Amino acid sequence: MQRIIIITVLLINSISFGQKKDKNLFEGTQLFSSKNYIGAESDFRVSQSNNEEKKAVANYNLGNSIYRQNQPSEAKYKFLNAVESAKSKEEKHKAFHNLGNSLMLEENYAGAAEAYKNALRNNPYDEETRYNYALAKKKQKENPPKDDKNKDKNKDKDKNQDQKNQIKKKTKETVKIKKTNKITEKTKIKRILIKEIKTIKKILEKIKRTSRMVIKKKMIKEILNHLEQTNSKLKIY
């Protein structure tokens with residue numbers, strides 16, 4: 001089984017000139033060397049809070065102490081802090097390298113590969129980082145994200161849902177149009193009937209006013225014609 005290479009060497013050289021000023025940073029390195037990672041973590045936390053000048057170093061060493069306690073998920077945040085406050089390429093290289101290690105243990109191979117790549121940008125000659133980068137890329141290829149596997153299925157699902165929504169929308173629009181047409185037809189029929197009723201009423205008034213039978217018969221015939229015309233118009237609807 002292939003294993004990741006861990007850089008556990010603390011950034012001692014870069015802080016040696018300031019050890020007298022930062023007692024906690026110095027004592028933390030001593031405790032770490034004797035494998036007292038809990039004690040080292042405590043000292044590095046104090047140093048991280050009090051020594052702004054050596055914040056990158058304290059964060060990196062703190063991340064290593066936590067990493068050694070099998071807590072990569074917490075350690076990665078300290079390595080990220082170390083990257084953000086790093087002042088030299090050496091500090092960035094080591095922080096990125098061990099950030100990659102933490103992400104590897106979380107099986108975040110894509111994130112680990114990116115971290116190792118950034119480490120190599122700061123030190124392209126480190127063979128241990130190069131080895132880990134190749135391993136991360138291999139693991140990434142062997143373990144594609146689950147989201148990618150379901151990508152096509154989700155696309156098809158979304159496509160089918162869109163089609164259903166479009167059909168539903170069109171159905172609603174069709175029903176609405178039909179309702180509108182029905183209302184329009186009823187309105188037209190109502191207008192025709194009102195008009196014809198008015199016409200027939202006028203004819204009836206004329207019948208009342210005349211006494212001649214011939215004229216009455218003629219008017220009655222006119223009324224029948226109007227009714228027949230009305231019936232014909234209504235058949236259209």
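At what angle do helix 2 and helix 3 pack, and how far apart are their axes? In this predicted model, helix 2 (residues 37-50) and helix 3 (residues 55-67) pack at an angle of about 155°, with their axes 9 Å apart. Angles over 145 degrees count as roughly antiparallel, so helix 2 and helix 3 are roughly antiparallel to each other.

**Helix 2 with helix 3**

- Helix 2 passes helix 3 in a left-handed crossing.
- On the helix 2 side, the contact is made by Tyr 37, Ala 40, Glu 41, Phe 44, Arg 45, Ser 47 and Gln 48.
- Helix 3 brings Lys 55, Ala 58, Asn 59, Asn 61, Leu 62, Ser 65 and Ile 66 to this contact.
- Sorted by class, the contact of helix 2 with helix 3 has six nonpolar, five polar and three charged residues.

**Helix 1 with helix 2**

- Helix 1 (residues 23-33) packs with helix 2 at an angle of about 160°, and their axes are 8 Å apart.
- Helix 1 and helix 2 are therefore roughly antiparallel to each other.
- The crossing in which helix 1 passes helix 2 is left-handed.
- From helix 1, the contact takes in Asn 24, Leu 25, Glu 27, Gly 28, Thr 29, Leu 31 and Phe 32.
- From helix 2, the partners are Tyr 37, Gly 39, Ala 40, Asp 43, Phe 44, Val 46 and Ser 47.
- By class, there are seven nonpolar, five polar and two charged residues in the contact of helix 1 with helix 2.

**Helix 3 with helix 4**

- The axes of helix 3 and helix 4 (residues 72-85) cross at roughly 165° and come within 8 Å.
- That angle makes helix 3 roughly antiparallel to helix 4.
- Helix 3 and helix 4 have a left-handed crossing.
- Helix 3 contributes Lys 55, Ala 56, Asn 59, Tyr 60, Leu 62, Gly 63, Asn 64, Ile 66 and Tyr 67 to the contact.
- Helix 4 contributes Glu 74, Ala 75, Lys 78, Phe 79, Asn 81, Ala 82 and Ser 85.
- The contact of helix 3 with helix 4 divides into eight nonpolar, five polar and three charged residues.

**Second largest pocket**

- The second largest pocket has a volume of about 160 Å³.
- Its lining is formed by Glu 107, Asn 108, Tyr 109, Ala 110, Gln 140, Asn 143, Pro 144 and Pro 145.
- Four nonpolar, three polar and one charged residues make up the lining of the second largest pocket.

Technical notes
Residues are numbered from 1 along each chain as its sequence is written. This is a predicted model: local features need pLDDT of at least 70, side-chain atom pairs count only at pLDDT 80 or more; totals for chains, interfaces and linings use all residues. Side-chain values use heavy atoms; hydrogens and water are left out. Axes are lines fitted to C-alpha atoms, for helices over the stretch in contact, and angles run from 0 to 180 degrees between N-to-C directions. Helices (H or I, at least four residues) and strands (E, at least two) are DSSP runs, numbered from the N terminus. Angles under 35 degrees count as roughly parallel, over 145 as roughly antiparallel, 65 to 115 as roughly perpendicular and the rest as oblique. A crossing is left-handed if the near helix is turned anticlockwise from the far one by less than a right angle, and right-handed if clockwise. Contact means heavy atoms within 4.5 Å. Ala, Val, Leu, Ile, Met, Phe, Trp, Tyr, Cys and Pro count as nonpolar, Asp, Glu, Lys and Arg as charged, and the others, Gly among them, as polar. On a 1 Å grid over the protein atoms alone, a cavity is a set of points where a 1.4 Å probe fits but cannot get out, and a pocket is an open set with protein on both sides within 12 Å along at least five of seven lines; lining residues have an atom within 4 Å of a point. Grid points are joined across faces, edges and corners, and a volume is the space filled by probe spheres set on the points.
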